[in-house]
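Student: I am new to this structure and would like to learn how to read its features one at a time. Could we begin with the strands and then move on to the rings and the cores?

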Amino acid sequence: MNQKNHSADINYNPDVLTCLANLSNDEVFTPPNLVNDILDLLPAELWSNPNAKFLDPVAKSGVFLREMAKRLMKGLEKKIPDKQKRINHIFSQQLYGIAITELTSLLSRRSVYGSKTANGKYSFCETFTDEQGNIRYERMQHTWQNGKCTYCGASQEVYDRGEEAETYAYNFIHTDNPEKIFNMKFDVIIGNPPYQLSDGGFGKSAAPLYHKFVQQAKKLNPKYLTMIIPSRWFAGGKGLDDFRKEMLNDNRIKKVVDFENAGDCFPGVDIAGGICYFLWDKDYKGACDVVNVVNGKETHSERALNEFPTFIRNSKAVPIIRKVLSVKEKRMNEMVSSSKPFGLRTFVRPQMEGDLILRWQNGEGPYKRSDITTGVDIIDDWKVITSYVGYDHAGNPGKDGKRKVFSKIDILPPGTICTETYLVIGAFKSEIEAKNLMRYMKTKFFRFLVSQFMYSHHITKDSYQFVPIQDFTEPWTDEKLYKKYGLTEEEIAFIESMIRPMENSENGDSSDVGDYDNENHGNQINHNNHSSDDE
């Protein structure tokens, strides 16, 4: 084949990267159709601007760069009629990438340039003089201090490896000045960053990483920034509280597209809390266009992201929450215990003898009162408990779009305590108050408000901050609650469509979901802690 004709055709095969997108849950590449949905967020005039510069700082398959090349080839056709000159210009002057590993640098160059070496015989571009071209990779090392990397927080025990092993010290975030990598300004920064790294905790404990790429990209001050990242930042938590605050208060975020079930975005992939992508526009200031997707159905709204302490995903929930909060009542998060309500870890088991009863995940047994130093004041109360791990897998709704929320609700009588498998939702002197709280928790109203904070397997104390405390000397039903807060028929129908019924027995739902704790269960973004790098 004539080299120039081969280059001019740029005969990309999108099916190759579509297949790559579905290889496994461990290392998932972004499907081309999803990439194009994200690129559609950008102004169309960019593709006919020969001076616009684009950076993918986390290139893996090269699909973002490849799809941008296609758009530029079409958009610049009139300004640069000669195909080969247009190819040379686009690849050498407009498209730039930073690969996350040496392997992905070769894959990216192959899918973008048509050759794993930019200056190779079969490269589409004729002007590169070196093998890397504009898709760079430099092996980096972590900077260790007190057992952690000062740049990404990786565990020295896990990632201090020899030369033969991948370090996962990503170029883009392992520098104080990312501008020095290419020594230029970019109009667009776009990509799908690695999501997490093992933090050296027990089991598969992992710390989020994706937010560091977003923050680093902002340092480059592009005109547009768009990335696809886990939605768990909506609620904050492990390493994400400051990032959540920063994002929710940034009125330059013009659009957020949120998938409650990651499988709707990445087919066959399980990412706790879902996935989202956003458009940040340097020159924009205003309300955000929020798109929530559940089972292919979209809801839209224009609103400020910082109206509530968490990001409300579904726009139909917003007026309901506004009505509930307008009553100015105390909230259940003031009543709910923190984790380890009696100071006992999940692995604690009953003792040989004792004057208390210990409830653990698989049963009950004796325990000495003298060994309890936390929660002493509620030991002899009637206590309503629920499992710390929710019913819904990874916090995601089921195929019908509905959640059950709680896996187990039960009452512990006086003299009974529990491990951290459970949270104590309320403690009372009378059994009737405990029963009324349990009934309240089983209402769809209660569980709907808790579900607004479901971005993972766990339901924490903070998850109850929209739920008002009621008078528990009287029973509560959905009908009574809907009337109290003045919900419309449409709002009631929405709650009913989002929450499954629970069993009505006073002992709660008999189903439970395993003996997890915060460290052992970890964050199941994927099976391989370092590589949910979903491009």
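Tutor: Let us begin with pairing: two strands pair if DSSP finds at least two bridges between them, and the elements themselves are DSSP runs numbered from the N terminus, helices being H or I of at least four residues and strands being E of at least two. Before the case itself, please keep in mind that this is a predicted model, in which local features need pLDDT of at least 70 and side-chain atom pairs count only at pLDDT 80 or more, while totals for chains, interfaces and linings use all residues. Residues are numbered from 1 along each chain as its sequence is written, and side-chain values use heavy atoms, with hydrogens and water left out.

Student: Is β12 buried or exposed?

Tutor: A residue is buried under 20% relative accessible area, exposed over 50% and partly exposed in between, using a 1.4 Å probe and protein chains only. In strand β12 (residues 288-294), seven of the seven residues are buried, so the strand is largely enclosed by the rest of the structure. Both of its faces are covered, with C288, V290, N292 and V294 on one side and D289, V291 and V293 on the other.

Student: How should I read a nonpolar core, and which residues have the most contacts inside the largest one?

Tutor: A nonpolar core is a set of buried Ala, Val, Leu, Ile, Met, Phe, Trp, Tyr and Cys residues joined through side-chain atoms within 4.5 Å. The largest one here has 88 residues, and F91 and F278 have the most contacts inside it. Its largest share, seven residues, comes from helix α4 (residues 63-75). Another core, of 45 residues, lies apart from it and includes V324, F406, F448 and Y464.

Student: What counts as an aromatic pair, and how many are there?

Tutor: Rings of Phe, Tyr and Trp (its six-membered ring) pair if their centres lie within 6.5 Å, and planes under 30 degrees apart count as stacked, over 60 as edge-to-face and the rest as tilted. By this rule there are 26 aromatic pairs. One of them joins Y113 and F128, which are tilted, at 5.0 Å centre to centre with 50° between the planes. Y113 lies in helix α6 (residues 102-113) and F128 in the loop between α6 and β3 (135-136), so this pair ties together parts that are 15 residues apart in sequence. Y113 is buried at 1% relative accessibility, and F128 is buried at 12%. The rings of Y168 and Y170 have centres 6.3 Å apart and planes at 65°, so that pair is edge-to-face. Ring pairs also link F406, F428, Y440, F446, Y464 and F472 into a cluster.

Student: What follows α6?

Tutor: Helix α6 is followed by G114, whose phi is positive, near 85°. Within α6, the buried residues include T104, S105, S108 and R109.
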